[in-house]
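User: I am new to this structure. Please take a close look at the surroundings of the ligand.

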Amino acid sequence: MRVLVTGGAGYIGSHTLLELMAQGHVVCVLDNYANATPTVLNRVRALSNGQITDFVGDVRDAKKLDEVMAAFAPEAVIHFAGLKAVGESAQKPLYYYDVNITGTLTLLHAMERAGCKRIIFSSSATVYGEPQYLPYDEAHPTNPMSVYGRTKLMAEQILTDWVAAHADRTAVLLRYFNPVGAHPSADLGEDPRDIPNNLMPFIAQVAIGKRDVLEVFGDDYDTPDGTGLRDYIHVVDLARAHVAALGYAAVHNGARPFNIGTGQNYSVRDMVAAFEIASGRNIPTKQSPRRAGDVAAMQADASRANAELGWHATHGLDDMAASTWAWQSKNRNGYDTD
Ligand code: NAD
Ligand code: UFG
């Protein structure tokens with residue numbers, strides 16, 4: 001298929017480009033580099049020997065989108081472009097609604113004008129909020145606890161209403177759990193611009209000596225070791241879920257959410273221990289209070305994605321830690337290493 005990938009220079013988008021090209025899909029990227037660098041696409045090109053058409057532009061720019069649609073004529077869109085920092089979303093709510101909601105609406109309008117009828121959307125497990133039961137299945141009530149989470153749920157609702165109004169449209173809503181890890185080449189990985197918000201990149205920066213100590217947010221949760229439990233998913237598995245979703249979208253209409261996780265969860269202490277083994281380095285930790293908005297535990301019931309997308313996670317915790325370390329140690333300063 002001809003696939004337009006918005007936000008394709010980002011962490012998940014870049015890994016997905018490689019998996020798409022490996023399966024014979026033809027790709028085009030639109031990215032404004034708000035949280036990425038053009039180096040990423042050069043590295044993807046080098047790893048794939050493939051063709052990537054790319055446009056620099058904002059997903060809220062209707063004129064640019066028309067230009068991209070006219071030049072590339074996509075049969076499907078994978079919509080990664082967006083903002084994702086939970087804490088920042090509370091400080092800059094209008095910015096988050098603008099990029100994540102206006103961006104999605106502008107894209108849908110452009111797809112309508114161009115006759116493109118399929119979209120794969122980057123949603124998040126954060127749409128569920130405080131668990132009423134675990135693992136979450138897709139029928140679990142949604143009650144996001146952050147501005148960021150509400151933008152994801154609203155975008156899901158917009159996509160669902162769009163599809164409901166037209167019998168031949170498809171929206172696959174992928175609710176990612178916690179993406180971690182890096183490409184086996186160690187040439188692609190997560191490269192946070194500032195202080196990392198997320199656990200794995202923070203641990204990696206402590207291991208490489210860029211930061212002194214990992215703060216463990218809360219040790220009094222109702223979990224076996226008192227620290228938060230999450231369902232970490234290797235980014236290569238996550239990338240492959242998008243290829244599976246495209247196959248699904250080729251033969252199904254309607255809007256459907258899918259959990260994308262492994263079904264297992266690990267504590268903060270488990271992650272530190274796995275990283276110490278992978279890196280052979282000690283990770284100093286400091287106990288800190290709970291972080292506002294965090295839940296004790298998250299875990300995916302991924303059986304719908306397993307059954308309907310034919311997708312299964314295959315990478316375990318060791319690989320998540322080892323690939324993150326390989327990426328971090330090969331690229332001390334991320335993509336600025338080039
Ligand atoms: P990322 O920041 O690495 O990638 C997002 C990409 O979109 C970047 O390349 C950025 O430059 C681009 N972008 C941002 N605003 C844009 C705009 N207005 N126009 C065009 N391009 C724009 O993030 P990621 O981790 O790869 O996440 C991709 C998507 O998955 C996001 O929508 C995010 O909300 C969602 N998601 C991420 C996680 C996670 O933990 N990484 C979890 C659940 C959902
Ligand atoms: N944690 C620490 N110290 C840190 C960072 C995190 O102890 O420096 C802990 C957190 O308290 C939590 C766990 O590590 O228990 C994971 O935290 P992350 O920030 O890595 O991930 P979250 O589960 O908070 O959030 C992530 C993404 C969201 C997404 C959510 C749901 O950041 O965008 O997963 O899948 F919505």
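What pLDDT does the chain average? And which residues come nearest to ligand 1?

Analyst: This is a predicted model, where local features need pLDDT of at least 70, side-chain atom pairs count only at pLDDT 80 or more, and totals for chains, interfaces and linings use all residues. Residues are numbered from 1 along each chain as its sequence is written, chains are lettered from A and ligands numbered from 1 in the order in which they are written, and side-chain values use heavy atoms, without hydrogens and water.

Confidence comes first. The chain averages a pLDDT (the predictor's confidence in each residue, from 0 to 100) of 97. A score of at least 70 is reached by 100% of the residues.

Now the ligand. Around ligand 1 there are 27 residues, each with a heavy atom within 4 Å of it. Asp31, Asn35, Phe80, Lys84 and Tyr148 come nearest. The shell holds 14 nonpolar, 9 polar and 4 charged residues. Here Ala, Val, Leu, Ile, Met, Phe, Trp, Tyr, Cys and Pro count as nonpolar, Asp, Glu, Lys and Arg as charged, and the others, Gly among them, as polar.

Helix H1 (11-22), strand E5 (118-124) and helix H6 (147-164) each supply at least two shell residues. Helices (H or I, at least four residues) and strands (E, at least two) are DSSP runs, numbered from the N terminus. E5 gives the most, with 3 residues.

Next, the polar contacts (pairs of N or O atoms within 3.5 Å). The side chain of aspartate 31 places an N or O atom 2.6 Å from a ligand 1 oxygen. Tyrosine 11 uses a backbone N or O atom, 2.8 Å from an oxygen of ligand 1. Phenylalanine 80 also has a backbone N or O atom 2.8 Å from a ligand 1 oxygen. Taken alone, ligand 1 exposes 820 Å², and the protein buries 95% of that (Shrake-Rupley method, 1.4 Å probe).

Definitions and conventions. A polar contact is a pair of N or O atoms within 3.5 Å; within protein, one must be able to donate a hydrogen and the other to accept it, and residues adjacent in sequence count only if both atoms are side-chain atoms.
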